[in-house]
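Thanks for coming, everyone. Let me put the structure up, and then we will walk through it.

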Amino acid sequence: MELPSICKLCFAIFILNASLLFLAAAATPPSDSNLFREYIGAEFNNVKFSDVPVNSNVDFHFILSFAIDYDTSSSTSPTNGKFNIFWDKQNLSPSQVSSIKSDNSNVKVALSLGGDSVNGESAYFNPSSVDSWVSNAVSSLTSIIKEYNLDGIDIDYEHFKSDPDTFAECIGKLIKTLKENGVIKFASIAPFDDEVVQNHYMTLWKSYGSLIDYVNFQFYAYDKGTTVDEFIGYFNTQSSNYNGGKVLVSFISDGSGGLSPDGGFFTACSTLKSQQKLHGIFVWSADDSKANGFKYEKQSQALLAIPH
């Protein structure tokens with residue numbers, strides 16, 4: 001018995017919808033819950049990529065710290081988007097980037113912009129104008145990224161001589177242009193719980209959040225002695241602030257703030273992992289962790305490598 005035409009049409013639409021749903025599911029990228037990231041190079045204590053243990057069952061990002069748009073002389077004047085290298089170039093050179101990536105197929109290397117200070121003074125985000133800053137930043141960073149064969153950028157400005165809207169436009173347009181030009185594969189931001197900092201980064205998130213792959217939230221900027229319950233509360237709050245973002249949890253190697261590895265950090269991570277909220281872990285920093293043999297880097301990666 002032949003189906004009426006309207007039934008044939010309905011059946012065809014059903015099949016088409018089912019096929020589209022299948023393709024969409026297949027195209028959904030896997031969770032980044034096995035992502036481990038570590039800042040490196042800011043403290044000039046001779047740490048090398050090869051010093052840091054890399055678990056082959058995680059996605060590992062080294063983040064070079066820092067590139068800053070200040071001149072490299074003792075006067076430390078801002079340069080309006082013309083970035084210079086302020087990390088330990090001797091131990092973290094282009095050839096060493098090449099070696100760590102060729103030796104570990106799961107390793108990518110990024111650079112972080114800004115940071116807290118330059119030559120002992122606060123490093124300010126201080127653009128002359130949006131267009132001039134973006135033009136200079138795209139040019140200077142493209143040169144550094146290509147020289148070092150880097151994969152992404154991280155935004156870690158912590159002091160500002162601009163309003164939040166100007167910051168958002170400068171950084172948003174920078175990320176957009178570098179991605180469109182194929183210069184970077186990913187971008188992250190590194191805010192912490194400070195009113196001025198949050199105003200700038202949340203304004204950026206509101207306008208350009210779709211271009212930002214990870215939120216390296218500095219949970220170690222909370223008070224030393226943070227409890228597990230407080231930590232999870234902070235995580236939920238920041239996940240709401242950066243709604244839809246992959247908010248990574250974090251600790252500081254020297255134990256000076258936040259929830260420490262010995263104080264329950266991994267308990268909190270296991271709780272979030274069981275709730276499928278653990279998008280990854282990052283550490284500040286390899287420079288400090290060298291002294292303890294990267295004990296907590298090993299533990300972090302082991303936890304992330306456990307199948308869901």
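How much accessible surface does the chain have, and what share of it belongs to carbon and sulfur atoms? The accessible surface comes to about 14,000 Å², and 51% of that belongs to carbon and sulfur atoms. Accessible areas here come from the Shrake-Rupley method with a 1.4 Å probe; for residues, only the protein chains shown count as cover.

Some ground rules. This is a predicted model: local features need pLDDT of at least 70, side-chain atom pairs count only at pLDDT 80 or more, and totals for chains, interfaces and linings use all residues. Residues are numbered from 1 along each chain as its sequence is written, and side-chain values use heavy atoms, with hydrogens and water left out.

Now the overall picture. The chain has 9 helices and 13 strands. Those are DSSP runs numbered from the N terminus: H or I of at least four residues for helices, E of at least two for strands. Of the 308 residues, 50% are buried. Buried means under 20% relative accessible area, exposed means over 50%, and partly exposed is in between, with a 1.4 Å probe and protein chains only. Take contacts between residues at least 6 apart in sequence: 78% of them join residues at least 24 apart. Contact means heavy atoms within 4.5 Å.

Next, the largest pocket. Its volume is about 320 Å³. Of its 20 lining residues, Ala42, Phe66, Asp116, Ser117 and Trp284 are the closest to the centre. The definition: on a 1 Å grid over the protein atoms alone, a pocket is an open set of points where a 1.4 Å probe fits, with protein on both sides within 12 Å along at least five of seven lines; lining residues have an atom within 4 Å of a point. Grid points are joined across faces, edges and corners, and the volume is the space filled by probe spheres set on the points.

Which strand gives the largest share of that lining? Strand β2 does, with 3 residues. Both β2 (59–68) and β5 (117–118) supply at least two residues each. By class, the lining has 11 nonpolar, 5 polar and 4 charged residues. Ala, Val, Leu, Ile, Met, Phe, Trp, Tyr, Cys and Pro count as nonpolar, Asp, Glu, Lys and Arg as charged, and the others, Gly among them, as polar.

Phe66 lies in β2, and the peptide bond from Ser65 to Phe66 is cis, with omega near 5°. Trp284 is joined to Ser285 by a cis peptide bond too, with omega about 0°. Ser285 lies in the loop between β13 and α8.

Two loop residues other than glycine have positive phi. Gln276, between α7 and β13, has phi of about 60°. Gln276 is exposed, at 67% relative accessibility. Phe294, between α8 and α9, has phi near 60°. Buried or exposed for Phe294? Buried, with a relative accessible area of 5%.

On to α9, residues 295–305. Its buried residues are Tyr296, Glu297, Ser300, Gln301, Leu303 and Leu304. They cover an arc of only 160° around the axis, so they sit on the same side of α9. That arc is of the directions from the helix axis to the C-beta atoms. Their cover includes β1, β2, β12, α7, β13 and α8.

Last, Thr76. Thr76 sits in the loop between β2 and β3 and is buried, at 6% relative accessible area. Beyond its neighbours within four places in sequence, Thr76 contacts Tyr70, Asp71, Val118, Asn119 and Glu121.
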